[in-house]
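Me: I would like to go through this structure with you. Could we take it topic by topic?

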Amino acid sequence: MMDFWKTVLYIICIISFIAVLIIFVIFGAYEFFVGPEKAKRFLNSLPFSISYKGVLIIGILFIILLTASYILLKKIYGLM
């Protein structure tokens with residue numbers, strides 16, 4: 001059972017790291033190169049319309065999730 005939770009925490013760490021990477025790094029680079037106006041149009045063209053503030057909030061939530069899962073792995077399993 002402990003291996004199950006360890007695997008779940010690892011998966012949460014990986015998914016949240018990838019989400020933070022996509023949200024902040026890739027979208028930030030896209031916005032830097034094409035400009036904020038095209039980035040806003042890109043966000044509005046998504047099937048789920050989202051604003052800059054929404055992207056920021058989602059990114060911060062994933063950072064919190066990444067930090068919490070890392071701390072749990074470190075404290076409970078002494079890993080990483």
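Reply: A definition first: helices are DSSP runs of H or I with at least four residues, numbered from the N terminus. Please note also that this is a predicted model.

Me: Understood. How many salt bridges does the structure hold?
Reply: The structure holds 1 salt bridge. The side chains of Asp3 and Lys6 form this pair, at 4.0 Å from N to O.

Me: Where do Asp3 and Lys6 lie?
Reply: Both residues are in helix H1, 3 residues apart, which is about one turn of the helix.

Me: Is Asp3 buried or exposed, and why?
Reply: Asp3 counts as exposed because its relative accessibility is 55%, and the cut-off for exposed is over 50%.

Me: And what about Lys6?
Reply: Lys6 has a relative accessible area of 25%, so Lys6 is partly exposed.

Me: Turning to the helices, at what angle do H1 and H3 pack?
Reply: Helix H1, residues 2–34, and helix H3, residues 52–77, pack at an angle of about 150°. Their axes are 8 Å apart, and the crossing of H1 and H3 is left-handed.

Me: Which classes of residue make up that contact?
Reply: The contact of H1 with H3 has 26 nonpolar, 3 polar and 2 charged residues.

Me: How does H1 cross H2?
Reply: The axes of H1 and helix H2, residues 36–45, cross at roughly 130° and come within 6 Å.

Me: What is Ser69 in contact with?
Reply: Leaving aside its neighbours within four places in sequence, Ser69 is in contact with Leu9, Ile12 and Cys13.

Me: How far is Ala68 from Leu9?
Reply: The C-alpha atoms of Ala68 and Leu9 are 9.5 Å apart in space, while the two residues are 59 residues apart in sequence. Ala68 is also found in helix H3.

Me: Which accessibility class does Ala68 have?
Reply: Ala68 is partly exposed, because its relative accessible area is 38%.

Technical notes:
Residues numbered from 1 in each chain as written. Predicted model: local features only at pLDDT ≥ 70, side-chain atom pairs only at ≥ 80, totals over all residues. Heavy atoms only, no water. Axes fitted to C-alpha atoms, helices over the stretch in contact; angles between N-to-C directions. Helix = DSSP H or I, 4+ residues; strand = E, 2+ residues; numbered from the N terminus. Left-handed = near helix turned anticlockwise from the far one by under 90°. Nonpolar A, V, L, I, M, F, W, Y, C, P; charged D, E, K, R; others polar. Buried < 20%, exposed > 50% of the residue type's maximum accessible area, 1.4 Å probe, protein only. Contact = heavy atoms within 4.5 Å.
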